[in-house]
Amino acid sequence: MAVYTNLKIEQVIAFLKSYNIGELISFNGITEGIENSNFYIKTSTGEFILTIFEKRVNRCDLPFFVAIMKHLSKKNFVCPTPIFDKKKKYLQELEKKPALIVNFLKGKSKTKINAKDCFKLGNKMASMHLKSKDFFLERKNSLSIEGWEQLINSCSNSISINNLNEIEHNILEEIQNSFNFCKKNWPNNLPKGFIHGDIFPDNVFFQNNEISGIIDFYFSCTDFFAYDIAVAVNAWCFDDQKKFNKKKFSSLIEGYSLKRRLSEQEFFYLPLLSQAAALRFLLTRIYDWAHTPKNADVRLKDPKEYIEKLRFHKSIATQRNYDEK
């Protein structure tokens with residue numbers, strides 16, 4: 001979440017007139033995250049989140065995001081529920097950009113993650129994967145292998161060597177080598193279906209130490225279930241953003257396996273997929289670090305965190321002979 005598009009109170013009041021959710025009491029921007037503009041809205045009937053879609057989001061993908069949140073909500077999964085307007089439409093336009101209102105979920109994200117949290121996250125992810133098995137819409141993962149190659153080229157062409165060296169000396173060469181390894185050994189027959197694709201701690205709410213909501217489905221797509229787990233491993237299983245925590249990892253896998261057991265192939269490829277997930281977030285953070293407008297109300301995330309994670313996963317992945325599989 002972030003704020004790139006600034007709104008005036010008059011705009012929000014006028015926008016809400018097309019909905020049956022009451023009169024505006026207050027609104028404010030939410031600066032966490034880096035992708036879209038998000039606003040907390042309180043009306044006479046309740047609390048909501050307004051999202052204005054920016055940057056990487058393709059308009060053609062928006063119906064997919066709306067549909068999966070509706071699908072999971074109907075199955076009592078703790079995610080935002082899209083709100084339709086007086087004409088039964090979910091997607092609107094605001095400042096000439098797509099916009100969506102969803103209900104507000106109670107709870108807060110955690111900044112200090114423990115093994116029990118990882119267990120609960122794994123269990124909730126498995127539930128999400130199972131509850132979406134009969135969700136038949138598909139969306140290609142735009143930030144998988146093909147997307148990373150484009151990002152590498154974009155970073156190489158649009159960011160100066162001096163600026164890249166401020167992050168890490170010869171970082172693009174290291175990224176290219178890691179990408180080549182992942183591409184050469186990429187699996188093609190793992191179980192797949194709907195995945196969240198961005199299940200970081202700031203997208204998971206807790207209340208009374210239980211998960212009360214999972215938000216931000218705007219990177220969701222159709223891909224390997226194990227890749228979704230690999231994203232969570234990167235986001236949840238390191239201490240101080242650098243040192244891998246085996247207990248957190250084991251707890252996450254244990255929680256997941258209670259509802260959906262990983263196949264032997266999925267577990268075998270998890271180090272490679274974790275390396276790939278680290279590569280994906282390193283690339284997008286480098287790109288955003290260099291290209292985010294200076295006037296955007298957003299907290300940029302440090303790319304260096306994912307250099308360390310990439311190197312850790314690479315050290316594990318290189319111990320497995322993927323060429324034999």
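## Aromatic pairs in a predicted model

Both F281 and Y306 are buried.

**The chain as a whole**

The chain contains 10 helices and 11 strands. A compact globule of 325 residues would have a radius of gyration near 20 Å, and the chain agrees with this because its own value is 20 Å. Along the principal axes, the C-alpha atoms fill a box of roughly 60 × 50 × 35 Å. Of the 325 residues in the chain, 55% are buried.

**Aromatic pairs**

The count of aromatic pairs comes to 23. One of them joins F135 and F194; this pair is edge-to-face because the ring planes stand at 80 degrees, and an angle over 60 degrees falls in that class. The centres of the two rings are 6.5 Å apart. F135 lies in the loop between α3 (115-131) and α4 (145-158), while F194 lies in strand β6 (residues 192-195), so the pair ties together parts that are 59 residues apart in sequence. F135 has a relative accessibility of 12% and therefore counts as buried, the cut-off being under 20%. F194 is also buried, with a relative accessible area of 3%.

A further pair is formed by F281 and Y306, and its geometry is tilted. F281 belongs to helix α9 (residues 264-291) and Y306 to helix α10 (residues 304-317); the pair links distant parts of the chain, 25 residues apart. The two pairs are set out below.

| Pair | Centre to centre | Angle between planes | Class |
|---|---|---|---|
| F135 and F194 | 6.5 Å | 80 degrees | edge-to-face |
| F281 and Y306 | 5.8 Å | 40 degrees | tilted |

The ring of F206 has the charged end of K110 over it, at 4.8 Å from the ring centre. In a like arrangement, R280 places its charged end over the ring of F219, 4.9 Å from the centre of that ring.

Key: Residues numbered from 1 in each chain as written. Predicted model: local features only at pLDDT ≥ 70, side-chain atom pairs only at ≥ 80, totals over all residues. Heavy atoms only, no water. Phe/Tyr/Trp six-rings, centres within 6.5 Å; stacked < 30°, edge-to-face > 60°. Helix = DSSP H or I, 4+ residues; strand = E, 2+ residues; numbered from the N terminus. Buried < 20%, exposed > 50% of the residue type's maximum accessible area, 1.4 Å probe, protein only. Lys NZ or Arg CZ within 6 Å of the ring centre and 35° of its normal. Rg over C-alpha atoms; globule rule 2.2 N^0.38 Å.
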